[in-house]
Structure formats: C-alpha cells, structure tokens
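Thank you all for making the time this morning. I would like to walk through one model slowly, and I will ask you to keep the sequence and the structure in view while I talk.

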Amino acid sequence: MRTALIRLATVATAAVTCAILTAGMAAAAPAVVEKDPVMTPSGDTPISVMVTKLTHSQATARFRAAGITWSSSGNCSNRYNSTCTSFEQINLTSVQGAETLKRASGCAMNITGGTEVGHASGTYSHWNGYKLDYSLYSCLGSYIRNTFTYIGGNKWRSGSGNIYFLESNHWDVTYYNCGGC
C-alpha cells in the first residue's frame, strides 16, 4: 500500500508539473488518457493521467532548439514506415525528458527511434509516445551509468523513475515523466 501511495504521489506530481509547463502549448494535439495497469490494483478505481501529444514538427522544433539530432536508416519521418524516425503523437513529457537529459549530461544526443512502427507494443511503448532510442555515444553512456541506479538486466533508473535500457546497438529510454523538467 505504501508503494502504491508513493507511486500515486509521483504520478500526481508529474502530472501537475507537466500541466503547469504545458499551459502555453495551445497548438499541441489534444490530450488522451492513458490508464496505468500498475496503478490499478484489482478492485480499485483506475487512475488516469492526461498525456499531451505533439506533432512531428512540434517535437523536431524542440529537439533542434535543444541541440538534439535525429536520424533514420530510410531518411524519412513516416510513422508507418519502420525505417523512418517519426515523432508524430510523441508525449510532451518524452520530449521534455530528452531535453532534460541533454541539459543535465551535456552530451551529444542522436535519436534513432521514435513513434514509428517496428518496435515492441505495450502501454509504455514507442508507438504510444513513451520511448525514444538514442545512438550509443560514449559520453551519454557514461553519464547514464554513473548517474542513475543500476537495476539489473542492462537497465538503469533515474531519480525521477525513467528507465534507460542498454540494448545491443542503442539506448532504449522509457519516459514516464519529464525527468525533472
């Protein structure tokens, strides 16, 4: 019960923070409600969190301003093509999380995977706007390994709860929140 209350407080704080930060984002796509199965113990009422979605052009403008690059093997941004890198329908908190990581680490960052098809499915998936893939740059890898808590299985957890998974050729990051934006 204590863990559920702590997670509830964390989710509520992140939601309020993001609502305040996004008040001026009238051009953003409408919010959708995601239900968190972890926060819905059997028999309890589900807890809903508002998620602000961005268009590809809104996300790229923010990445460009932050000095974050992106690339794709197909040189494209079509969400329905797995060789493209798309940010269509990405969560604002994922973009803010990338901006926070860039600011905190001071490292070069290149995104190689966004919301395009071809990734694993699930609630906290690329398609649903929660994940970004990053190139394996030594500065970024050192920052993640030396700053965040190792939780096993090639995964590190930030203080805000985001998960950094070292896969064979990239970092797969799940943004549950903006990482302290």
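This is a predicted model: local features need pLDDT of at least 70, side-chain atom pairs count only at pLDDT 80 or more; totals for chains, interfaces and linings use all residues.

Before anything else, a word on numbering: helices and strands here are DSSP runs, counted from the N terminus, a helix having at least four residues and a strand at least two. With that in hand, please look at the end of α2, where G67, just after the helix, takes a positive phi of about 85°.

Let me step back to the whole chain. The protein chain has four helices and ten strands, and from the N terminus on they run α-β-β-α-β-β-α-β-β-α-β-β-β-β. Of its 181 residues, 41% count as buried. If we take the contacts in the chain with a separation of 6 or more, residues 24 or more positions apart account for 60% of them.

Now back to α2, and to its partner. Two packed helices are described by the angle between their axes and the distance between the axes. For α2, residues 56-66, and α3, residues 92-105, the axes come within 10 Å and cross at roughly 10°. Because angles under 35 degrees count as roughly parallel, α2 is roughly parallel to α3. On the α2 side the contact is made by A59, R62, F63 and A66, which meet L92, V95, Q96, A98, E99 and K102 in α3. By class, the residues of this contact divide into six nonpolar, one polar and three charged.

Let me turn to the loop between β3 and β4, where two residues deserve a comment. Q89, which is found in this loop between β3 (69-70) and β4 (90-91), has a positive phi of about 70° although it is not a glycine. Q89 is partly exposed, with a relative accessible area of 28%. S82 is found in the loop between β3 and β4 as well, and it is partly exposed, with a relative accessible area of 48%. What does S82 touch, leaving aside residues up to four places away in sequence? The answer is E116, V117 and G118, and the C-alpha atoms of S82 and E116, although 34 residues apart along the chain, are separated by 5.9 Å.

A further non-glycine residue with a positive phi is N154, at about 65°. N154 has its place in the loop between β7 (149-152) and β8 (155-157), and N154 is partly exposed, with a relative accessible area of 37%.

Definitions and conventions. Residues are numbered from 1 along each chain as its sequence is written. Side-chain values use heavy atoms; hydrogens and water are left out. Axes are lines fitted to C-alpha atoms, for helices over the stretch in contact, and angles run from 0 to 180 degrees between N-to-C directions. Angles under 35 degrees count as roughly parallel, over 145 as roughly antiparallel, 65 to 115 as roughly perpendicular and the rest as oblique. Contact means heavy atoms within 4.5 Å. Ala, Val, Leu, Ile, Met, Phe, Trp, Tyr, Cys and Pro count as nonpolar, Asp, Glu, Lys and Arg as charged, and the others, Gly among them, as polar. Buried means under 20% relative accessible area, exposed over 50%, partly exposed in between (1.4 Å probe, protein chains only).
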